[in-house]
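Hello,

Here is the structure for you to look over. My notes follow below it.

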Amino acid sequence: MIKRGFKSTAMILSAALMLSAVGCGSKEAETTAATEAVTEAATTEADTETASETDTEAATEAETEEATEAASTAKFENASYEIDGWGGGKTVDIVGADFVEIKEEDKEDYDCDVLRIWYEMTNTLDEPYNLRGIYWHCYQNGEEVEDPGLSLDYDEWDIYEMQRYQMIPGARLRHYKDFAVHKDQGPIKLVISGDDKEEQNVVEIDPNGEFPGRPAEDFVITKIEDPSYGGKLDISEADMRDGQYHVTYKSHEYTSKTDYVDGDTIETPCLRIFWTFTNNSDKENSMFMAVNSNCTVYQDGIELQETRPTDWGDIDSAQSEDIQPGESIDCCFNYALRSDSPVEIVYEEMFNGVLIDFVIDDIPAK
């Protein structure tokens with residue numbers, strides 16, 4: 001509300017008194033003077049009110065511009081979160097964030113901006129875990145936005161696949177999450193939770209704010225020269241599934257996987273492990289279906305993924321062959337090596353614990 005100034009109000013009262021003092025027999029000059037006084041007083045008040053309104057509007061505009069500028073320069077801060085879940089917790093550190101360029105092959109499919117959040121997770125559980133145990137939900141304008149599923153180059157696949165790798169307790173990995181958002185729309189809300197989805201961490205993001213960018217340094221997995229997750233049991237043969245199957249480690253060798261990318265040849269060293277699988281159950285089965293899901297090969301505390309080497313042969317396919325009860329078969333499993341660190345082979349069951357655990361330490365230099 002605009003308040004009248006003391007001076008203008010006094011002038012109006014004075015002029016009004018002058019008019020009331022002019023009687024019917026007063027002179028015309030006196031009447032004219034009084035009328036002019038009232039008009040002058042009203043004009044002065046109007047000018048004062050206009051100036052006050054102008055000052056108020058200017059102040060409001062200044063406050064609005066200041067708020068807008070503050071919002072547009074809001075800075076996204078990297079942060080650390082403790083994620084609770086079944087069996088314990090995980091530590092998630094956001095280590096970078098920025099909008100990434102959409103490749104030409106994706107532009108026709110995505111009319112959006114892509115916000116990428118880089119994060120690292122440390123497994124603080126007492127058992128292996130992977131990055132898929134972290135749940136990410138992103139919202140803009142009250143609606144959930146999804147991962148756009150951008151095309152990946154050859155050298156981007158390894159870090160993308162990291163989300164599937166099992167990590168032993170204490171191990172750490174880096175990954176990223178993409179979200180299809182719009183810079184010209186409202187604020188973004190990022191919700192991070194564990195596998196029980198009850199305890200949630202909420203991050204408010206201004207899409208037009210300042211972002212730290214991708215991490216300045218490439219992520220390097222910490223080397224483990226003396227792996228001992230399985231307890232250093234040095235056991236390479238065991239009965240499994242309560243005696244239904246028997247597995248014996250035979251030997252190992254090294255081979256390679258060849259990829260051709262943009263005219264270049266890329267050789268990835270592979271570890272080939274040979275086993276003898278015996279079916280002691282009352283049904284036909286294969287080694288792959290019977291026991292492979294419980295066997296993990298770790299290097300530097302991170303699971304190695306199975307691969308298909310260039311010299312794939314019949315023995316490599318034997319892992320999927322069903323054999324009859326009482327029969328045995330020689331099989332081979334192949335793994336893409338990540339470094340020259342020793343490799344630990346661990347077979348464990350939920351109720352029977354670790355049944356096989358041994359280390360292969362003659363890994364060739366990569």
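This is a predicted model: local features need pLDDT of at least 70, side-chain atom pairs count only at pLDDT 80 or more; totals for chains, interfaces and linings use all residues.

**Aromatic pairs and rings**

Y249 and F358 are both buried.

In the whole structure, the search finds nine aromatic pairs. One of them joins W157 and Y160. Their ring centres are 5.6 Å apart and their planes stand at 90°, so this pair is edge-to-face. Both residues sit in helix α4, three residues apart, which puts about one helical turn between them. Buried or exposed, or in between: where does W157 fall? W157 counts as partly exposed, at 41% relative accessibility. Y160 is also partly exposed, at 30%.

F76, F99 and F211 make up one aromatic cluster. F99 also has a charge over its ring: the charged end of K183 sits 4.7 Å from the ring centre. R116 does likewise with Y176, its charged end lying over the ring at 4.0 Å from the centre.

**Strand β15 and its partners**

Now to β15, residues 343–349. Six of its seven residues are buried, so the strand is largely enclosed by the rest of the structure. Which strands does β15 pair with? One is β12 (residues 295–299), antiparallel, over five bridges. The other named here is β16 (residues 353–360), also antiparallel, with seven bridges. V346 takes part in both pairings: V346 is the bridge partner of T296, and D357 in β16 is the bridge partner of V346. Three residues lie between β15 and β16, and the two strands form a hairpin.

**Nonpolar cores**

The largest nonpolar core has 36 residues. Which of them touch the most other members? They are I117, W136, L190 and I192. As a general point, nonpolar side chains in soluble globular proteins tend to be buried together.

**Two serines in loops**

S281 sits in the loop between β11 (264–279) and α5 (287–291). S281 counts as buried, because its relative accessibility is 9%, under the 20% cut-off. Its side chain makes a polar contact of 2.6 Å with the side chain of N279. Beyond four places in sequence, S281 touches Q244, Y245 and P325.

S151 is in the loop between β5 (143–145) and α4 (157–161). With a relative accessible area of 29%, S151 is partly exposed. What does the side chain of S151 join in a polar contact? The side chain of D106, at 2.9 Å. D106 is also among the contacts of S151 beyond four places in sequence, together with K103, E105 and E156. S151 and E104 are 47 residues apart in sequence, and their C-alpha atoms are 9.8 Å apart in space.

Over to you.

Best wishes

Key:
Residues are numbered from 1 along each chain as its sequence is written. Side-chain values use heavy atoms; hydrogens and water are left out. A nonpolar core is a set of buried Ala, Val, Leu, Ile, Met, Phe, Trp, Tyr and Cys residues joined through side-chain atoms within 4.5 Å. Buried means under 20% relative accessible area, exposed over 50%, partly exposed in between (1.4 Å probe, protein chains only). Helices (H or I, at least four residues) and strands (E, at least two) are DSSP runs, numbered from the N terminus. Two strands pair if DSSP finds at least two bridges between them. A polar contact is a pair of N or O atoms within 3.5 Å; within protein, one must be able to donate a hydrogen and the other to accept it, and residues adjacent in sequence count only if both atoms are side-chain atoms. Contact means heavy atoms within 4.5 Å. Rings of Phe, Tyr and Trp (its six-membered ring) pair if their centres lie within 6.5 Å; planes under 30 degrees apart count as stacked, over 60 as edge-to-face and the rest as tilted. A charge sits over a ring if NZ of Lys or CZ of Arg is within 6 Å of the ring centre and within 35 degrees of the ring normal.
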